Amino acid sequence: MKKIATLIFLFVYVSIVWGQGKKTRIRIDVNHLKVDSMWISLEDGKTEPKTLKPDATGLFEFSTFVERGTDGRISIDNPVKGSIPLYLEPGDDLLIRTDFKDNTSFSGKGEENAAILKELMDLYLTNYNKLDATKMPLNVLYEQNEQMNKANLDFLDNNKSKVSKNFYDHQRTKFYYEALGMDIIMPYLLSQGLNKKFSEALPPGYMDLMKKVNLSDALLTNDAYSRFVRGALPVFLRFRHLNQLGRLDSASTLTEAEKRKIEYEQVKEHLSGKTRALALFGIVNNILLTAKDVNQYKSYIQQFAADGGSQEQVAELQSVYDQALKLTAGAEPPPFTLNDLNGKQVSLKDFAGKVIYIDFWASWCSPCRYEMKNGSPKLHARFADNKDVIFLYVSIDDSEDKWRQAIKEDQIEGVHLLSKGGIKSVVAKAFNISGIPRYVIIGRDGKIVDNDAPRPSEDITYDKIIDALKSE
């Protein structure tokens with residue numbers, strides 16, 4: 001009997017350890033730099049961003065259990081700013097010696113993958129920084145972008161023998177589908193930024209991009225491919241459908257509900273299997289996260305279930321819906337208390353009787369920073385003499401130093417709070433923040449007026465705040 005109990009215990013123990021993956025370790029030697037802390041993040045969907053402190057010898061160390069190859073990053077803000085990309089496989093034991101500038105070397109298990117990834121990212125950033133839509137014709141921009149993407153894949157192919165098979169397959173799929181996703185979105189973004197019709201900003205062959213997509217359920221374990229299926233692919237199917245109807249230039253005038261409806265119908269028609277289910281899940285999830293009145297879209301959950309969504313996916317959407325119900329107009333916002341720039345604790349109740357315009361942002365978010373430089377100052381000026389309007393900035397940065405530096409650089413006026421952790425931070429989760437920038441208006445009565453308010457640069461934002469001031 002004891003032998004049987006022992007065998008059962010061992011079986012359970014091995015199962016737990018196997019499910020956790022193999023222990024993986026990283027050590028960072030900063031070459032005599034006086035670094036008080038650095039942070040590390042992994043894209044495994046489980047590991048929360050973590051701040052590291054040096055040991056008595058000045059060495060930084062991080063250990064975790066990795067189930068499969070995953071990307072990540074280590075970064076510092078002082079005394080220099082820098083970051084190093086990571087790719088970790090189960091059982092890696094990597095020592096990184098770096099000054100976060102020109103000198104970085106790798107040793108230990110995983111060193112070959114790490115060295116090639118750094119070279120690849122250096123190549124990518126060098127070419128990417130040469131792209132400037134304001135200084136070159138669109139045809140030249142598209143040509144250079146295509147050359148950059150080809151250079152990345154060629155580099156991986158030329159160094160295939162130096163890296164593990166998992167690394168090569170992972171990075172090639174990642175760079176391919178991230179580039180393809182940008183090929184899909186870039187012309188639309190450029191048309192908006194350059195004030196052109198969408199049809200005028202399209203490169204040759206745009207409507208044939210679907211030929212470059214390898215629809216494979218087997219690729220869904222790759223995070224980049226999964227993001228592509230949930231995001232860029234439904235968008236492309238919408239653009240292609242509008243083009244077939246001769247309505248491509250109406251893409252920017254459709255409501256969010258109209259966009260998602262077209263995407264849902266096109267995904268159902270043109271995709272299949274787990275890939276279709278994931279794409280449909282992404283569409284419904286996006287609807288629920290951004291809807292001003294989520295009650296209007298509850299039927300999408302039942303529709304998704306009928307269209308082949310798994311029980312786990314349906315349950316997750318129901319959870320998103322339940323959370324979104326708490327954020328509809330007229331609901332009380334989730335309470336929170338965060339520290340401001342001076343370390344003082346601040347909560348929403350501190351502004352009782354006032355209208356609060358909340359701006360969720362981060363130092364690394366370019367659209368957020370653009371609004372702060374170009375939209376916020378003008379909006380603030382229109383309420384300069386009104387003490388009943390509060391501009392509340394909630395950053396989801398992981399780095400306090402980067403948060404403070406961005407505020408200083410952009411000279412952002414208002415109340416500043418920090419909720420570390422990105423979209424996984426406590427406040428971001430409470431407000432269903434899946435992407436930034438995101439804006440919320442709270443009324444004088446302390447209840448939500450708009451859970452997806454317009455940006456500071458939009459004229460309607462002023463009117464929305466005025467309406468909130470008039471309501472009691």
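Leaving aside neighbours within four places in sequence, Ile390 is in contact (heavy atoms within 4.5 Å) with Phe351, Lys354, Val355, Ile356, Tyr357 and Val415. This is a predicted model, in which local features need pLDDT of at least 70 and side-chain atom pairs count only at pLDDT 80 or more, while totals for chains, interfaces and linings use all residues. Residues are numbered from 1 along each chain as its sequence is written, and side-chain values use heavy atoms, with hydrogens and water left out.

Ile390 lies in strand S12 (residues 389–395); helices (H or I, at least four residues) and strands (E, at least two) are DSSP runs, numbered from the N terminus. With a relative accessible area of 13%, Ile390 is buried, a term that means under 20%, whereas exposed means over 50% and partly exposed in between (1.4 Å probe, protein chains only). Ile442 is 52 residues from Ile390 in sequence, and the C-alpha atoms of the two are 9.7 Å apart in space.

Pro54 belongs to the loop between strand S3 (50–52) and strand S4 (60–66). Pro54 is partly exposed, its relative accessible area being 31%. Beyond its neighbours within four places in sequence, Pro54 is in contact with Val35, Asp36, Leu59 and Phe60. Pro54 and Asp307 are 253 residues apart in sequence, and 52 Å separate their C-alpha atoms.

Strand S4 also takes part in strand pairing, which requires that DSSP find at least two bridges between two strands. Strand S1 (residues 22–29) pairs with S4 in the antiparallel sense over seven bridges, and Arg25 has Ser63 in S4 as its bridge partner. S1 also pairs with strand S7 (residues 93–98), in the parallel sense and over five bridges; here Arg97 in S7 is the bridge partner of Asp29.
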